Amino acid sequence: MDSAPENERSAPPDGTDYAQVQQSAEFGELRSTFRSFAFPLTLGFIAWYLLYVLLSNYAGGFMATKVAGNVNVAFVLGLAQFLTTFVIAWWYSRHAAAKLDPKGEAIKNRLDGEA
């Protein structure tokens, strides 16, 4: 009795080496497309988050500034952190669907076609 699940395979029957796929120009382009989107966005978000933390710690007067009623700058920037998180997730989802998924699917189809 076969103990491996049907959808799991270690290598195609023809012995395609996944290291070759990883070193291919097509895979390099996929990785580059991902990195050119994800790394700058991640660094930007971390900088934005650290700015919020630093302002909270060292600019108490500024953060306590009233914006409207009892709502102050700290509260608005805190909510903006959540908003930024959701916008980035939405943006990445659109980017992946438009740029990454088609390239990944092409690589997968090429491997399946060789199998």
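Predicted model: local features only at pLDDT ≥ 70, side-chain atom pairs only at ≥ 80, totals over all residues.
**Entry 1: order of the elements**

I started at the N terminus and followed the elements along the protein: they run α-α-α-β-β-α. That gives four helices and two strands.

**Entry 2: the whole protein**

Next I looked up some totals. What share of the 115 residues counts as buried? I found 17%. The accessible surface comes to about 8,500 Å², and carbon and sulfur atoms account for 63% of that surface. I also checked contacts between residues at least 6 apart in sequence, and 63% of these join residues at least 24 apart.

**Entry 3: helix H2**

I then turned to helix H2, which covers residues 25-58 and has 34 residues. From its first C-alpha to its last, H2 reaches 48 Å, close to the 50 Å expected at 1.5 Å a residue. Where does H2 bend? I found a bend of about 25 degrees at Arg35.

I listed the buried residues in H2 as well: Leu30, Thr33, Phe37, Ala38 and Leu41.

I stepped back to Ser24, which sits in the loop between helix H1 (18-22) and H2. Is Ser24 buried or exposed? Ser24 counts as buried because its relative accessibility is 19%, and the cut-off for buried is under 20%. Its side chain reaches the backbone oxygen of Val21 at 2.7 Å.

**Entry 4: the largest nonpolar core**

Val21 turned up again when I looked for the largest nonpolar core, which has six residues: Val21, Leu30, Ala96, Leu100, Ile107 and Leu111. Which helix gives the most to this core? I found helix H4 (residues 73-114), with four residues.

A polar atom of the Thr33 side chain lies 2.8 Å from the backbone oxygen of Glu29. Leaving aside neighbours within four places in sequence, I found Thr33 in contact with His95, Lys99, Leu100 and Lys103.

Phe37 also lies in helix H2, and I noted a relative accessible area of 12%, so Phe37 is buried. Which residues does Phe37 touch, not counting those up to four places away in sequence? My list has Trp91, Tyr92 and His95. Phe37 and His95 are 58 residues apart in sequence, yet 8.2 Å apart in space, C-alpha to C-alpha.

**Entry 5: Thr84 in helix H4**

My last stop was Thr84, which lies in helix H4. Thr84 counts as partly exposed because its relative accessibility is 22%, and buried would need a value under 20%. Not counting residues up to four places away in sequence, Thr84 touches Phe45 and Trp48. With Trp48, I also found a polar contact of 3.2 Å between the side chains. I then checked Tyr49, which is 35 residues from Thr84 along the chain; the two C-alpha atoms are separated by 9.9 Å.

Terms used. Residues numbered from 1 in each chain as written. Heavy atoms only, no water. Expected span 1.5 Å × (residues − 1). Bend = angle between axes of the 7 residues up to and from the residue. Buried < 20%, exposed > 50% of the residue type's maximum accessible area, 1.4 Å probe, protein only. Polar contact = N/O pair within 3.5 Å; in protein donor to acceptor, adjacent residues only side chain to side chain. Contact = heavy atoms within 4.5 Å. Areas by Shrake-Rupley, 256 points an atom, 1.4 Å probe, with all protein chains shown as cover. Core = buried A, V, L, I, M, F, W, Y, C linked by side-chain atoms within 4.5 Å.
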